[in-house]
Structures are given as C-alpha cells and as structure tokens.
Amino acid sequence: MLFKKSIPQIIGEAKESGEHTLKRTLSSGGLVALGVGAIIGAGLFSLTGIAAAENAGPAVILSFIIAAVACSFAGLCYAEFASMIPVAGSAYTYSYATMGEFVAWIIGWDLVLEYALASATVAVSWSQYFNQLLMTFGVSIPDQFLKGPWEGGVVNVPAIIIVCLLSLLLMRGTKESSTVNNILVILKVSVVLIFIVLGWSFIDSANHSPFIPTNEGEELVKSGEKSFWSFLGSEDFGKFGISGILRAAGVLFFAFVGFDAVSTAAQEAKDPKRGMPIGIIGSLVVCTILYVLFSYVMTGLENYQMFKGDAKPVATAFAKTGYTFLNSALIVTIIAGYTSVILVMLLGQSRVFYSMSKDGLLPKIFSDLSKNQTPWKTNLIFMVFVSIFAGFVPVSDLGHMVSIGTLFAFTLVCIGILVLRKSNPELERPFKTPLVPFLPILGVIVCVLLMASLPIESWERLGVWLLIGLIIYVLYGMKHSKIRQQQRKG
C-alpha cells in the first residue's frame, strides 16, 4: 500500500487559516525576488571560477546553458505542481500526492542536502568575502578561523555567525525576512549588471582561446578522482574537453539551486495559483540570462587558469578593469547576495520539515509555530545543524552533496508529473507543463546524466544520508504517520 495523500486533502490543508498556519504575505513579485535571492550567490560568484579552472575553461558558458536547460525541464514541472498543490513542502508534498509516503520521505530527507547544506556552502564563501572586506579597512580574521580542520584551520567563525543571525531573522517572521531579501536582491542584481557593463569593454579575446581546452584525462586519473563514467572505461572524464563541460554543468547546477525554494513558500503566497509559476519560471529566466553574460565577461577579463584555488574569483577578474575604487562596493554587494541565498535556503528547509512534521513523519517540535506564525523551533535546530557544517566541512565537498541532492529531487518531480497526468487527468491545473510526456522524460534523462557526472564520493555520501533517513523513517515516521493511521481506520 502506497499511503498517498489525496489532492483534495492537500488542497484543503492549503486553505486552512488561523494562528496555527503559515501567514500568506508573499506577492508574485516577492516570489520572483525569493527565487532570484536563492539562485544568485555562491554558484555564480565562487563556483564559476572553480568550474572554469578545473573543468570547462571559457566553455563554462556552455556548462551554464546545459545546467539551465536541465533546470527548465524541472522548473516547468515544479510550476505545474506548485500552482495546483499550493502547500509548503515543495517536492516532498508533490511526491506524497503522486508516489506515496515512502518516496515522499526519501525526497523530504534528501531536501536537507539541498537546502541545509546549500546554506552551509554559501556561508563558507560568505566568510571569505567578508574577510576580504575587512582587509580593505586594514583588518583581517586569522586564517585558522576562516577554515575548518580539514582545510588546515580550526573553525570558520564568520560562517557560523551569519547562519545564526539569519536564523534569528527567520524566527521573527516571513514578511520581515522577505523585505530584507528584496533589498539584498536589488543590491546583488545591481552588482552583476555593473560587472557585466563595466567589464565588457575590457574583455581580452585571447582569454577565450581555446574556448574548449584540450581534455587532460591522464592528469585526472592520477588525481584519483572518479565518477560513474570511470567504471564504463571513460577515465578521461571531467577535466576539460566536452566531458569537462558536462562535469562543470553538474557542479554549476548548484548555481541554480533556489528556484525550487519558491515552491516551499507556496502556503505563504497571496495568490499561489498565479504567483507560483511566475515566481519559479520568472526567477529561472532572469538568472540564466545574467549567468551566461556574467561568465562570458569573467572568463574574458582573466585567463581561466588564474581562478584555480581562488575563493574570490570575481574580485580577481574585476581587478583587470582598473576600477579599483569599486572593489569595496563590489565585495559588499556580493556579501549581500550571499546573505539572501542563505536566508532563502534556511527558510525552505524549515518549511519542508514543517510539512513533514504536520504529516506525523517527524516530531511535533518541527511544526510548532511562534506567535509570529513561523516554525521557530525548526529554525533553531537547523541553526545549530547548518552552523556545524559551515564551520567545519570544506566548501567543495558541500557543493557536490548539494548538487546531487538537488538533481535527485528534480528527477522525482519530473516523474511525479508523469504519474499525476496518468492517475488524475481531471484535476484543475492553473499552469500546465508543456509537451508531456516528452519534456518530463527529458528532465529525468538530463538530471540523471548530470548526477552521473559528479564524483563517485557524492553518490556514496548520498547513499549514506538516505540510509540514515530510512532508519529514522522505520523507527519513527511509519509509527506516527497520520495518513497511515487514517487509512488503517478507514
């Protein structure tokens, strides 16, 4: 027995109101800003340089396009779900309605990798730029307090501090958090546009040649890094060439993590049937255009090889323009951009666990609301959890874990559309995913290919994480599941 939640039951939950429910305060514009706030951040400002230096070279532009196409398939599927099932919980809720409780649990647990670890990843990069800002005033944080023990330091103190501050803001209220996010989004979109406009005239075409560097597979084999392609005899996978573009696309998929976070706030949207598709698709389109232009300028300003091991590649590239007086402003707005990403990701995670707790799969503590109607206890718990990862785990490991967790979630959402079109064709769909089943199937194929391009260690960590989740589900979730209890009584 699948123990699925019926669509009418879920929609009924969405219409609930009162002090024990989430407050509807987000407009369509606020939802787009929420998506942009989550998307533009570490993926653009830090991972672009890493992907160019280690995988794709100037062709990182193509990697962004591939990742965007994969996201668009999933994004259109998310938009259909979010418009017809406007409830907090994102892919978790959609899976509950289409594939049953067990799959819903797996995806809900997987979303911890996406949202919570994405917050930690961005917090690590945030700390590097924050220290860079302090250095402009002649002050700096000792290196051992900017890195975890696996990178030769003690603990990343600034990363822990920013996670704690934003968690406290989320406890205060969604409307207040959205207002802060809107301000931060304006700041960081402005800096992206300034970087593109000012940097364009300083592009050196020599830095874009060769556009696709020659594959260096032998060096990759010596490094010991492997992906699933290694077991198929493709030992040259991932370091430049066409395979490097694909590997970079898998890594840069992290840069698009966030548009789906809009769907976690469905229960807080004023008009979710109209606003959710606009928020999801609108934020994805805006960010894709900015990403392609940004990466073209960045790799044109500086040779891609110079970004290797550089935690602040944007500042390195912008230095080529000679506009040194703007360096501090650039760093401030990048910090603002990172801050909004952490904020939205922490919000998304708390809403997923709120939904799981409401369904009885997690303890009631995760769905307890404060007088401001926010799941403050969940925010508090994840403040501690995310802080530990941000303070001690290397950013590269975190980034790969986030990417594979996100791709897995997207795959299940695409499958969910296929299932729901077959099982419930009569349901009202304010937004319909086009070209079904062709487009969702393409979404599954592309996401699985990008997952296969990631290092084998990412798959191992995903397996361990899901095993831990399975144990919790068997020991707690199955016994306390409300839908199981209802269906057994019926």
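Predicted model: local features only at pLDDT ≥ 70, side-chain atom pairs only at ≥ 80, totals over all residues.

Helices are DSSP runs (H or I, at least four residues) numbered from the N terminus. Helix α4 (residues 47-56) and helix α5 (residues 60-84) pack at about 110 degrees, their axes lying 9 Å apart; axes are lines fitted to C-alpha atoms over the stretch in contact, and angles between N-to-C directions run from 0 to 180 degrees. The two helices α4 and α5 are therefore roughly perpendicular (65 to 115 degrees). Contact means heavy atoms within 4.5 Å, and the residues involved are Thr 48, Ala 51, Ala 52 and Ala 56 of α4 with Val 60, Ser 63 and Phe 64 of α5.

Residues are numbered from 1 along each chain as its sequence is written. Local features need pLDDT of at least 70, side-chain atom pairs count only at pLDDT 80 or more, totals for chains, interfaces and linings use all residues, and side-chain values use heavy atoms, without hydrogens and water.

The chain has an average pLDDT (the predictor's confidence in each residue, from 0 to 100) of 79, and 81% of the residues score at least 70. Two stretches have pLDDT below 50:

| Stretch | Contacts beyond near neighbours in sequence |
|---|---|
| residues 218-223 | 8 contacts |
| residues 231-235 | 7 contacts |

Tyr 296 belongs to helix α13 (residues 272-301). Its relative accessible area is 31%, so Tyr 296 is partly exposed (between buried, under 20%, and exposed, over 50%; 1.4 Å probe, protein chains only). Beyond residues up to four places away in sequence, Tyr 296 touches Ile 61, Trp 200, Ile 203 and His 208. Tyr 296 and Val 60 are 236 residues apart in sequence, with a C-alpha to C-alpha distance of 8.4 Å.

Definitions and conventions
Parallel < 35°, antiparallel > 145°, perpendicular 65-115°, else oblique.
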